[in-house]
Amino acid sequence: MKRAFVTGITGQDGSYLAELLLEKGYEVHGLVRRSSLLNRSRIDHLHDDARLHLHYGDLTDGVSLVNLVRMIEPHEVYNLGAMSHVKVSFEMPDYTASTNAIGTLRLLEAIHAARLECRFYQASTSEMFGSTPPPQDEQSTFHPRSPYGSSKLQAHWVTINYREAYGMFAVSGILFNHESPRRGENFVTRKITKAVAAIEAGIQDHVELGNLDAVRDWGYAPEYVEGMWRMLQQDEPDDYVLATGVGHTVRDFCAAAFEHAGLRWEDHVKHNESFERPAEVDALIGNASKAHGALGWRAETHALDLARLMVDADRGDVSRLLGG
Ligand code: NDP
Ligand code: GDR
């Protein structure tokens with residue numbers, strides 16, 4: 001039985017990836033952080049699967065990574081753990097770099113030091129392109145605009161360095177935004193769809209947002225974790241962009257989400273500059289042709305369908321909350 005070790009298993013992508021790997025017959029080991037309340041709601045439904053094993057650790061704690069890698073002896077490692085919020089990274093730059101950049105280095109070195117024949121996936125991001133205009137692909141210039149983006153760029157290069165220096169099967173997936181009903185509530189898509197459901201139910205009046213002009217390429221998270229897995233099944237390690245190839249503004253996403261509930265976004269969205277960033281990434285639209293050619297991967301679900309799918313899921317949550 002193949003063993004996978006997943007950091008970030010309690011997050012949006014980690015939860016979908018854990019499902020996928022269990023479906024494919026893997027034994028799945030996940031890294032979880034200690035918190036005063038258990039923070040595992042996205043993977044609670046997998047709790048009874050005897051092939052799922054959770055271990056305490058942290059990307060900022062190199063000793064825990066060394067010990068876990070030696071104990072698990074994974075065939076595949078997926079490094080999805082990160083301080084993943086761009087705006088928050090401006091408030092916690094040191095912690096962001098330690099987790100995202102040095103954390104990746106710690107994990108790669110733990111694998112290297114254990115002399116494991118292990119494949120490694122790094123969760124790289126379109127934020128590394130930053131101010132480089134779209135369309136962005138694997139050859140585009142990196143110009144990150146936040147502590148988050150620059151920490152991920154260091155992790156990206158460290159991954160390539162371990163591949164080149166030690167011949168490790170280490171790959172970076174450069175993923176554009178991908179969302180789902182499991183998206184964290186302070187990312188813009190989920191913030192909007194959750195607000196739409198609450199406004200429709202009459203328990204909220206409006207939502208406050210920052211920059212509505214930003215353009216993003218939003219895809220559907222379950223499709224993207226399939227792409228991660230495919231990257232590790234190739235004969236040779238390489239880096240790939242995953243994206244839909246279609247860009248929309250935050251305003252477009254808002255309009256689609258509110259319209260799905262028969263509401264006008266203009267009546268319920270207020271501007272709040274505290275949600276703007278010190279430096280914005282204006283437009284990210286990816287070109288995933290390399291992944292299409294080599295992995296047979298293509299995004300099926302596009303942003304406006306995603307907005308409706310997420311509103312429907314949040315409506316379900318509101319209705320359960322109200323006992324309906
Ligand atoms: P989430 O924010 O939903 O999940 C992040 C995960 O990382 C959580 O499990 C979190 O644990 C864990 N984590 C945070 N800090 C640490 C730490 N110090 N040590 C160990 N684990 C930690 O992110 P997503 O699932 O959306 O994204 C997965 C990865 O992909 C991230 O690395 C992100 O930066 C990257 N990415 C995401 C994209 C997207 O659009 N979703 C696009 C491109 C890249 P806890 O639950 O305890 O907080
Ligand atoms: P992003 O996602 O920064 O692209 O990073 P986010 O949803 O936070 O922002 C997208 C765009 O929306 C604008 N925006 C707001 N954003 C938030 N969070 N809250 C608001 O109220 C708001 N109003 C407008 C932002 O300015 C931005 O332009 C995500 C994360 O998942 C990263 O980890 C990942 O690497 C990238 O996607 C690709």
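Visitor: What does the UniProt annotation, from an unreviewed entry, say about His206?
Guide: In the UniProt record, which is an unreviewed entry, the annotation "binding site" covers His206; please keep in mind as we talk that the structure shown here is a predicted model.

Visitor: Where is the place of His206?
Guide: His206 sits in the loop that runs between helix 6 (188-200) and strand 8 (207-209).

Visitor: And is His206 buried or exposed?
Guide: His206 counts as exposed, because it has 11 C-beta neighbours inside 10 Å, and a residue with 12 or fewer is put in that class.

Visitor: Which residues does His206 touch?
Guide: Leaving aside residues up to four places away in sequence, His206 touches His268, Val269 and Lys270.

Visitor: Let's step back a bit. What does the domain assignment give for the protein chain?
Guide: The assignment gives domain 1, made of 3-178 + 220-242, and domain 2, made of 184-216 + 247-284 + 302-321. Taken over C-alpha atoms, the centres of domain 1 and domain 2 are separated by 27 Å.

Visitor: How many residues of each are in contact?
Guide: On the side of domain 1 there are 18 residues in contact with 12 residues of domain 2. Helix 3 (residues 86-91) gives the most to that side of domain 1, with three residues, and by class the side holds seven nonpolar, eight polar and three charged residues.

Visitor: Now the ligands. Which residues are closest to ligand 1?
Guide: Ligand 1 is surrounded by 25 residues, and the closest are Gly8, Gly11, Gly81, Ala82 and Ala123.

Visitor: Which element supplies the largest share of the shell around ligand 1?
Guide: The largest share comes from helix 1, with three residues; helix 1 (12-23) and strand 5 (119-125) each supply at least two residues of that shell.

Visitor: How do the residues of the shell around ligand 1 divide?
Guide: The shell around ligand 1 divides into seven nonpolar, 15 polar and three charged residues.

Visitor: What about ligand 2, which residues come nearest there?
Guide: There are 21 residues around ligand 2, of which Thr125, Val188, Gly210, Ala214 and Phe275 come nearest. Helix 3 and helix 6 are the elements that give two or more residues to this shell, and its residues divide into eight nonpolar, seven polar and six charged.

Visitor: Changing topic: which residues in the largest nonpolar core touch the most other members?
Guide: That core has 85 residues, and Val6, Leu17, Leu242, Phe253, Cys254 and Ala257 touch the most other members. Its largest share, seven residues, comes from helix 8 (residues 250-260), while domain 1 and domain 2 each provide at least three residues of the core.

Visitor: Take Cys254, then. What does Cys254 touch?
Guide: Not counting residues up to four places away in sequence, Cys254 touches Ile192, Leu212, Trp265 and Val269. Val269 is also among the residues that His206 touches.

Notes:
Residues are numbered from 1 along each chain as its sequence is written. Chains are lettered from A and ligands numbered from 1 in the order in which they are written. This is a predicted model: local features need pLDDT of at least 70, side-chain atom pairs count only at pLDDT 80 or more; totals for chains, interfaces and linings use all residues. Domain bounds come from an automatic or database domain assignment. Two residues are in contact if their C-beta atoms, placed from the backbone, lie within 7 Å. Helices (H or I, at least four residues) and strands (E, at least two) are DSSP runs, numbered from the N terminus. Ala, Val, Leu, Ile, Met, Phe, Trp, Tyr, Cys and Pro count as nonpolar, Asp, Glu, Lys and Arg as charged, and the others, Gly among them, as polar. UniProt positions are given in the numbering used here, feature names are shortened, and annotations may be inferred rather than shown by experiment. A residue is buried if 20 or more other C-beta atoms lie within 10 Å of its own, exposed if 12 or fewer, and partly exposed in between; C-beta atoms are placed from the backbone. A residue is near a molecule or strand if its C-beta atom, placed from the backbone, lies within 6 Å of it. A nonpolar core is a set of buried Ala, Val, Leu, Ile, Met, Phe, Trp, Tyr and Cys residues joined through C-beta atoms within 7 Å.
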